[in-house]
Amino acid sequence: MPHDLDQAILLAPAGGDRFAGATTPAYANMVGPFGGTTSAAMLNAVLLHPARIGEPIALTVNFASALADGAFEIDARPARTNRSTQHWVLELTQNGEVAATGSAVFAQRRDTWSAHEAERPADVPPAEELRRMPTAGSPAWVSRYDMRFLPGYAPGPFNGEEQSHSVSRFWVRDEPPRPMDFPSLAAICDCFFPRIFIRRRRPAPIGTVTLSTYFHADTTLLAQQSDRHVLARAKALNFRNGYFDQTAEVWSDDGQMLASTHQMVYFKE
């Protein structure tokens with residue numbers, strides 16, 4: 001049986017630069033599908049395109065409206081191909097209306113000097129020493145992930161008592177386990193609970209407006225990670241006038257940065 005994620009991002013050629021797909025109940029959210037699978041499907045359209053070269057280094061998805069359950073189409077058009085980079089314009093439509101727009105940059109990576117400045121969270125216990133977060137009562141997509149929060153960084157309790165930060169730290173992997181690739185990494189980069197939920201410890205109507213993901217890993221590094229848990233860390237930088245941001249990192253279990261991600265989110269009160 002195919003993994004639920006593979007079913008959620010499954011696309012069929014629909015002529016020209018277009019691909020046809022459909023949402024799945026396995027990744028349902030409070031309103032419409034989980035945004036991570038929408039991002040992953042838009043990335044998959046480029047990965048499947050016969051004109052594609054290289055591997056993804058950047059993906060931006062702008063959520064123009066809530067996606068409804070059912071069929072959709074993705075147009076993935078190569079805008080320009082250079083010596084080492086390829087630029088794509090993306091558009092997801094549903095029932096003839098635009099639901100999301102985006103862009104992607106692919107590149108042919110070459111062996112060069114490499115280093116990192118970001119520091120992986122220290123003193124992190126291994127995933128097997130932490131309990132999986134219960135998913136009862138959560139939207140369906142939450143059950144598609146095995147999340148294990150570090151002590152002091154679990155969501156809740158939702159008692160309305162505001163805390164001084166919005167930081168989350170946890171191990172996460174697909175459930176059931178699935179070897180990591182670029183679509184699964186793109187989806188995991190949106191698996192963080194809204195920062196305002198963490199900071200204010202109470203739910204609020206929210207919606208991601210734009211989500212950008214930067215892939216630091218290549219295919220080889222993702223293959224080495226396989227289906228093991230990755231370490232995720234997220235925080236907000238600012239909450240103001242109905243919008244807040246989120247900046248996050250995803251690390252391999254041996255300390256390699258796999259992706260960084262940023263998004264802007266609308267909230268209502």
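How many of the 14 residues of H2 are buried? In H2, 13 of the 14 residues are buried, where buried means under 20% relative accessible area, exposed means over 50% and partly exposed lies in between, with a 1.4 Å probe and protein chains only.

## Basis of the model

This is a predicted model, in which local features need pLDDT of at least 70 and side-chain atom pairs count only at pLDDT 80 or more, while totals for chains, interfaces and linings use all residues. Residues are numbered from 1 along each chain as its sequence is written, and side-chain values use heavy atoms, with hydrogens and water left out.

Helix H2 covers residues 35-48. Helices (H or I, at least four residues) and strands (E, at least two) are DSSP runs, numbered from the N terminus. At 1.5 Å a residue, the 14 residues of H2 should span 20 Å, and the end C-alpha atoms are 20 Å apart, which agrees. The expected span is 1.5 Å times one less than the number of residues.

Met42 lies in H2. Met42 counts as buried because its relative accessibility is 0%. Beyond neighbours within four places in sequence, Met42 is in contact (heavy atoms within 4.5 Å) with Val61, Ile74, Leu90, Glu91, Leu92, Ala100, Thr101 and Gly102. Gly21 is 21 residues from Met42 along the chain, and their C-alpha atoms are separated by 10.0 Å.

## Nonpolar cores

A nonpolar core is a set of buried Ala, Val, Leu, Ile, Met, Phe, Trp, Tyr and Cys residues joined through side-chain atoms within 4.5 Å. The largest has 60 residues, of which Trp141, Tyr145, Met147, Val172, Leu185, Cys191 and Leu258 touch the most other members. H2 gives the largest share of this core, seven residues. Another core, of eight residues, lies apart from it and includes Val124, Leu130, Leu231 and Trp251.

With residues up to four places away in sequence not counted, Met147 touches Arg131, Arg132, Met133, Trp141, Phe170, Trp171, Val172, Cys191 and Phe193.

## Gln225 in helix H5

Gln225 is in helix H5, residues 219-225. At 1% relative accessibility, Gln225 counts as buried. Not counting residues up to four places away in sequence, Gln225 touches Met180, Val230, Ser252 and Asp253.

## Tyr243 and a surface patch

Tyr243 is in strand E12, residues 243-251. Tyr243 is partly exposed, because its relative accessible area is 40%. Together with Val209, Met264 and Tyr266, Tyr243 makes a nonpolar surface patch of about 330 Å². Patches are made of residues with over 30% relative accessible area and no salt bridge, with like charges joined within 9 Å and nonpolar side chains (Val, Leu, Ile, Met, Phe, Trp, Tyr) within 5 Å. A salt bridge is a side-chain nitrogen of Lys or Arg within 4 Å of a carboxyl oxygen of Asp or Glu. Accessible areas come from the Shrake-Rupley method with a 1.4 Å probe, and for residues only the protein chains shown count as cover.
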